[in-house]
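Have the picture open as you read.

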Amino acid sequence: MRFDYLNDGNICYNSQIFQADKLRKHRDKYMAEEAQRLNNMLESVKKHVTAEQIYRTRQGSLPIFLRRRAVELREASSGYYSHGVYFKGFGEGGTPTGDIYKLICDNYSSLECFYYHFRHAAEISYGSGFLWLLRKKDKLKLWFAPAGTLPGGGYDQLMALDLWEHAWIDSFESKSDYAMAYIRSFDWR
Ligand SMILES: [Fe+2]
């Protein structure tokens, strides 16, 4: 099996805030490296599975030749998968409407409050990783997943913000400004 980062990390680009060439460079370097690592490890595996499924496979359930590489497999699969969700988030921008707007207001009291919590969560997240917006039924939660990890299963994954330095440090003054720029570029549909 093979991972195609150009397909899995397709950017529906329409942002007035992010520079298209920087986004593509980000994807074509970091997501491509993770695809390469996965493809090297999994080239003899016939069955197709997603990067998220690979991440969630227990070490004892991996094919024997992969068990000693379980840590590397988890790092590459979580990074690849998280980047895919991140890049797919870019879209028309604007503000959420309909059910998602109601859900945000029910959980955070207002859209402005949600923005505040989101940018604050980005600001205080320590180290490299992704900030996720997760949903379980009518509850939302923000969850920072450090490098090499994904949030636990059982949640709908609505958003993943890349908080590695390579994602923001050249273009934004702070993680907080970057987080708001992503929200303003997000495809809420
Ligand atoms: Fe990244």
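## Overall size

With 189 residues, a compact globule would have a radius of gyration near 16 Å, and this protein's 17 Å agrees with that. The radius here is taken over C-alpha atoms, and the globule rule is 2.2 Å times the number of residues to the power 0.38. Along its principal axes, the C-alpha trace spans about 50 × 35 × 30 Å.

Keep in mind that this is a predicted model: local features need pLDDT of at least 70, side-chain atom pairs count only at pLDDT 80 or more, and totals for chains, interfaces and linings use all residues. Residues are numbered from 1 along each chain as its sequence is written.

## What it's built from

You'll find nine helices and three strands. Going along the sequence, the order is α-α-α-α-α-α-α-β-β-β-α-α. (Helices are DSSP runs of H or I with at least four residues, strands are E runs with at least two, and numbering starts at the N terminus.)

## Where α6 meets α7

Helix α6 (residues 98-108) packs against helix α7 (residues 111-124) at an angle of about 70°, their axes 8 Å apart. That makes α6 roughly perpendicular to α7, a label for angles of 65 to 115 degrees. Axes are lines fitted to C-alpha atoms over the stretch in contact, and angles run from 0 to 180 degrees between N-to-C directions.

On the α6 side, Ile-104, Cys-105 and Tyr-108 meet Leu-111, Cys-113, Phe-114 and His-117 of α7 (contact means C-beta atoms, placed from the backbone, within 7 Å).

Notes:
Parallel < 35°, antiparallel > 145°, perpendicular 65-115°, else oblique. Contact = placed C-beta atoms within 7 Å.
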